[in-house]
Amino acid sequence: MSGKDVLLHACCAPCAEYPVFDLMGQDIATEVLYFNPNIHPKFEFERRREQLVKLSSIDGFTCHFSDAFRIDDWLSHKWEGQYASRCLMCYDIRMDHVAKFAKENGYQRFSTSLLVSPYQNHEAIIASAERASEKYGIPFFYVDWRPHFREGQNMAREHGLYRQKYCGCIFSLDDSEFKEKIIASFPENWEAQR
Ligand code: SF4
């Protein structure tokens, strides 16, 4: 069921799988927003975006896309001095935009697929979403989807979705144990695109 009750922020298609399934399965009118300026390089940003287009077609939901790409916020270490880590800045940038978009476009509440991942800082995501909720005057719809993470990943596999092996920013690519394999999947000029 598509519609304007919940605006679900999708960090990527595999993580959106279970939350969308859960919300739509309860007949909660749901639309999705892809807003992830943290995903670098540009090739990867577009690759993950394409997977959400594919998922929206499979599941039949309306998806909105914001093509902001803010690598400078990460490369300039903008978070230092303001946040305890780059991830806290990353959550704030995304939750702020999602809450604002939800408020301005007539949704009743907002949520995020980040809540499905056991690899994210769950409490920090909640805190960030609650700040955005208060700032824009729109409820944050909290669900702990983490127990269904594997189920969602299996659904993504069955749908043939690309499942990335790093969180998103250029630093998480550096940290990934799969870094060489990931870079091998990029076009040759990938560094020029960042
Ligand atoms: S590791 Fe993930 S959550 Fe943290 S800053 Fe990078 S993309 Fe954002």
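This is a predicted model: local features need pLDDT of at least 70, side-chain atom pairs count only at pLDDT 80 or more; totals for chains, interfaces and linings use all residues.

Analyst: Residues are numbered from 1 along each chain as its sequence is written, and side-chain values use heavy atoms, with hydrogens and water left out.

User: What is the order of the strands in the open sheet of 4 strands?

Analyst: Strands (E, at least two residues) and helices (H or I, at least four) are DSSP runs numbered from the N terminus, and two strands pair if DSSP finds at least two bridges between them. Strand S3 (63–66) and strand S4 (109–112) are the edge strands, each pairing on one side only. The pairing in this sheet is parallel, and the order is S3-S2-S1-S4.

User: Which residue in S2 is the bridge partner of leucine 8?

Analyst: Strand S1 (residues 6–10) runs parallel to strand S2 (residues 30–35), and the two pair over 5 bridges. In S2, the partner of leucine 8 is valine 32.

User: Which helix gives the most to the lining of the largest pocket?

Analyst: A pocket is an open set of points on a 1 Å grid over the protein atoms alone, where a 1.4 Å probe fits, with protein on both sides within 12 Å along at least five of seven lines; lining residues have an atom within 4 Å of a point. The largest pocket is lined by 31 residues, with Tyr119, Gln120, Lys165, Tyr166 and Cys167 nearest its centre. At least two lining residues come from each of H1, helix H4 (86–104), helix H6 (149–158) and helix H7 (170–175). The most, 5 residues, come from H4.

User: Is aspartate 73 buried or exposed?

Analyst: Aspartate 73 has its place in helix H3 (residues 71–75). Not counting residues up to four places away in sequence, aspartate 73 touches Lys78, Trp79, Met89 and Ile93, where contact means heavy atoms within 4.5 Å. Buried means under 20% relative accessible area, exposed over 50%, and partly exposed in between (1.4 Å probe, protein chains only). With a relative accessible area of 11%, aspartate 73 is therefore buried.

User: Is aspartate 27 buried or exposed?

Analyst: Aspartate 27 lies in the loop between H1 and S2. Its phi is near 60°, a positive value in a residue other than glycine. Because its relative accessibility is 56%, aspartate 27 counts as exposed.

User: What is the omega of the peptide bond from histidine 40 to proline 41?

Analyst: Proline 41 is found in the loop between S2 and helix H2 (42–59). The peptide bond from histidine 40 to proline 41 is cis, with omega near -5°.
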